[in-house]
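Q: I have a structure open and would like to go through it with you piece by piece. Can we start with a loop and then work outwards?

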Amino acid sequence: MKVVRTIAEVRETLRDAADVGLVPTMGALHAGHAALFRRAREENRLSVASVFVNPAQFDDDADLAAYPRDEERDLAFAEAEGVDVVFAPSAEEMYPPGFQTWVDVTELSRGLEGEARPGHFRGVATVCLKLFNVVRPQRAYFGQKDAQQVAIVRRLVRDLALPVEIRIVPTVRDDDGLALSSRNERLSGDDRSRALALPRALAAGAAAAREGGDPVATARSSLNGLSPDYIAVLELDDGVRVLAAAARVGSIRLIDNVLLEGELP
Ligand code: AMP
């Protein structure tokens, strides 16, 4: 596995690569990321993972400072998963002095996560566009877990005619049903048990929808005391709808969603 840190090195390394799959990550790698790496490896001749805690997508300095970082562990993890190239740039490499060019997927970035985290999706869209431009992948892999992000990245690619296919990988969960997340490391034992109400409520909502009931109302009444930031039906793509929710448990904000209709692209 090759580790590169500059845009020039990425371009040099991938100069003759014809078939590249990119998995953008912020590190703190877990089995959710591994599922993306596996798909990228299966569907491309070369798999590239970026490991970059993108400051532009954090609206809260404390959250950025608390984000788990362990590069040595991440590199060993990526290598064990068969990733060919890791791009781990510095913040200055991605945001050189004077940086002032932003991409804003206007409507889809409003509401839900965008409301709770102002500027978040502008940071996500901008870093994704830059990564696509640097790596030039044929395919890029994103997790279903971040449903609004998926909708925004697909819209970005369509609107700007970017030559990349976006693939969505189903959410990987722990045995108890909690969606794997780098933030779960910061949940205390009690909070972790309380957090399970989120996937359970979403599952109840999806089951109600299959019976012709109201998924949002059912999920809301199944939260077992957790108070959600939102529970909403979100369209990921034409005809693909998920039931998505966010809730704060202790100091951690958790998000999750389940498929209601359609198939992941
Ligand atoms: P992150 O490092 O949290 O920015 O995530 C990098 C990518 O991994 C994003 O596309 C996430 O949606 C995806 N991801 C994170 N957690 C999971 C999970 N539990 N299952 C599937 N994909 C995930």
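A: Gladly, and please keep in mind that this is a predicted model.

Q: OK, switching to the ligand: how many residues surround it, and which are the closest?

A: The ligand is surrounded by 17 residues, and the closest of them are His 33, Gly 143, Asp 146, Val 172 and Leu 180.

Q: What are the distances from ligand oxygen to Asp 146, His 33 and Gly 143?

A: For Asp 146, an N or O atom of the side chain is 2.6 Å from an oxygen atom of the ligand. For His 33, an N or O atom of the side chain is 2.9 Å from a ligand oxygen, and for Gly 143 a polar backbone atom is 2.9 Å from an oxygen atom of the ligand.

Q: How much of the ligand's accessible area does the protein cover?

A: On its own the ligand has 490 Å² of accessible area, and the protein covers 92% of that.

Q: Which elements supply the shell around the ligand?

A: Strand S2 (20-25), helix H2 (31-43) and strand S5 (139-143) each supply at least two residues of that shell, with the largest share, three residues, coming from H2.

Q: You mentioned S2; how many of its residues are buried?

A: Six of the six residues of S2 are buried, and the cover extends to both faces, with Val 20, Leu 22 and Pro 24 buried on one side and Gly 21, Val 23 and Thr 25 buried on the other.

Q: Which strand is S2 joined to, and in which sense do they run, parallel or antiparallel?

A: S2 is joined by six bridges to strand S3 (residues 46-51), and the two run parallel. Within that pair, Pro 24 stands opposite Ser 50 in S3.

Q: What about S8 itself, how many of its residues are buried?

A: Strand S8 (residues 240-249) is mostly covered, since eight of its ten residues are buried.

Q: How many bridges does S8 make with S7, and how many with S9?

A: Strand S7 (residues 228-237) and S8 pair over eight bridges in the antiparallel sense, and one of the pairs puts Tyr 230 with its bridge partner Ala 246 in S8. S8 and strand S9 (residues 252-261) pair over nine bridges, also in the antiparallel sense, with Val 249 opposite Ile 252 and Ala 247 opposite Leu 254.

Q: Which glycines sit in the hairpin turns?

A: The hairpin of S7 and S8 has two residues between the strands, and Gly 239 in its turn has a positive phi of about 75°. The hairpin of S8 and S9 likewise has two residues between its strands, and there Gly 250 in the turn has a positive phi of about 60°.

Q: Which residues other than glycine have a positive phi?

A: Among them are Arg 136, with phi near 50°, and Asn 224, with phi near 55°.

Q: Where are Arg 136 and Asn 224 found, and are they buried or exposed?

A: Arg 136 is found in the loop between helix H7 (120-135) and S5, and it counts as exposed because its relative accessibility is 54%, where the cut-off is over 50%. Asn 224 is found in the loop between helix H11 (215-220) and S7, and with 73% relative accessibility Asn 224 counts as exposed too.

Terms used. Residues are numbered from 1 along each chain as its sequence is written. This is a predicted model: local features need pLDDT of at least 70, side-chain atom pairs count only at pLDDT 80 or more; totals for chains, interfaces and linings use all residues. Side-chain values use heavy atoms; hydrogens and water are left out. A residue is near a molecule or strand if one of its heavy atoms lies within 4 Å of it. A polar contact is a pair of N or O atoms within 3.5 Å; within protein, one must be able to donate a hydrogen and the other to accept it, and residues adjacent in sequence count only if both atoms are side-chain atoms. Accessible areas come from the Shrake-Rupley method with a 1.4 Å probe; for residues, only the protein chains shown count as cover. Helices (H or I, at least four residues) and strands (E, at least two) are DSSP runs, numbered from the N terminus. Buried means under 20% relative accessible area, exposed over 50%, partly exposed in between (1.4 Å probe, protein chains only). Two strands pair if DSSP finds at least two bridges between them.
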